[in-house]
Amino acid sequence: MNYAVSPPPQAYLDITGSDEKFPVRRIYCIGKNYTAHIIEMGGDVERDPPVIFQKPADSVVRNGGDIHYPAYTKNYHFEGEMVVVLKSGGYNIKTEDASSHIFGYAAGLDMTRRDHQAGALENGLPWEMAKSFDQSAPIGPVTRVEETGVITDGNLSLTVNGDVKQDVDMSLMIWKTDEIISKLSEQYELKAGDVIMTGTPAGVGAVVTGDIINVHVDGLQDLRVRITEPAG
Ligand code: MN
């Protein structure tokens, strides 16, 4: 292909115990998937269809490490989440077939410019500025489903500088992972390389430069991120 400018590099994730990489096609995120988090955000707790938004593939930060405090916010929040990645997809995947499309799992962070999320909601505007920005998707290495089994429960927890901020059993997800895959596939043709952040539990909060965030998901490698000086 004779591109006029150099094509961007393929975003990817590492895979535990392997030299192979997992190429990232899209990052889908699920909002409002734990009741206690919906309550802390002031929402209602009906089992509405899952809230879906996306982050750009190149917002991935592999394995954590240092990330910059982002531009354009004064209220930069962590959301610790379990991440599922797909080896195949399609339209209208049945819930009972959904697990067959899973490649593996990782610990992740849906980093959020919370000040813009609140402003967008008040004004009926998209969440884009709040959710889709550079380095907004730190994701740890992927562990294959053959090693973990299908994850339906177990601890998801997050610390900031060693203090526990989020701590939940993933069985409390409102929309389970297989249901999320099925629901997404009603709207999108899912494909290999798709990454799904499955929502955050209660306890979200702000971080500042110098803070260290650690995300733990039972059975997976922890994700550790340090916030450094603003970019640019
Ligand atoms: Mn989230």
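Predicted model: local features only at pLDDT ≥ 70, side-chain atom pairs only at ≥ 80, totals over all residues.
The manganese ion has three named protein donors: Glu79 (OE), Glu81 (OE) and Asp110 (OD). Along the chain, the donors follow the spacing E-x1-E-x28-D. Glu79 and Asp110 link distant parts of the chain, 31 residues apart. Glu79 sits in the loop between strand S7 (76-78) and strand S8 (80-86). Asp110 sits in the loop between strand S9 (102-109) and strand S10 (112-113). Both Glu79 and Asp110 are buried.

Five strands form an open sheet with mixed pairing. Their order is S6-S18-S17-S13-S14. Strand S6 (65-68) and strand S14 (163-169) stand at the edges. Each has a single partner strand, so one side of each is left without a neighbour in the sheet. From one strand to the next, the twist averages 20°. Within this order, strand S13 (residues 155-160) pairs with strand S17 (residues 212-217). The pairing is antiparallel and runs over five bridges. Leu156 has Val217 in S17 as its bridge partner.

Two loop residues other than glycine have positive phi values. For Lys32, phi is near 55°. Lys32 lies in the loop between strand S3 (27-31) and helix H1 (35-40). Its relative accessibility is 44%, so Lys32 counts as partly exposed. For Asn63, phi is near 65°. Asn63 occupies the loop between strand S5 (60-62) and S6. Asn63 is also partly exposed, with a relative accessible area of 36%.

Methods: Residues numbered from 1 in each chain as written. Heavy atoms only, no water. Donors = N, O, S within 2.8 Å, 3.2 Å for Na, K, Ca; no water. Helix = DSSP H or I, 4+ residues; strand = E, 2+ residues; numbered from the N terminus. Buried < 20%, exposed > 50% of the residue type's maximum accessible area, 1.4 Å probe, protein only. Pairing = 2+ DSSP bridges. Axes fitted to C-alpha atoms, helices over the stretch in contact; angles between N-to-C directions.
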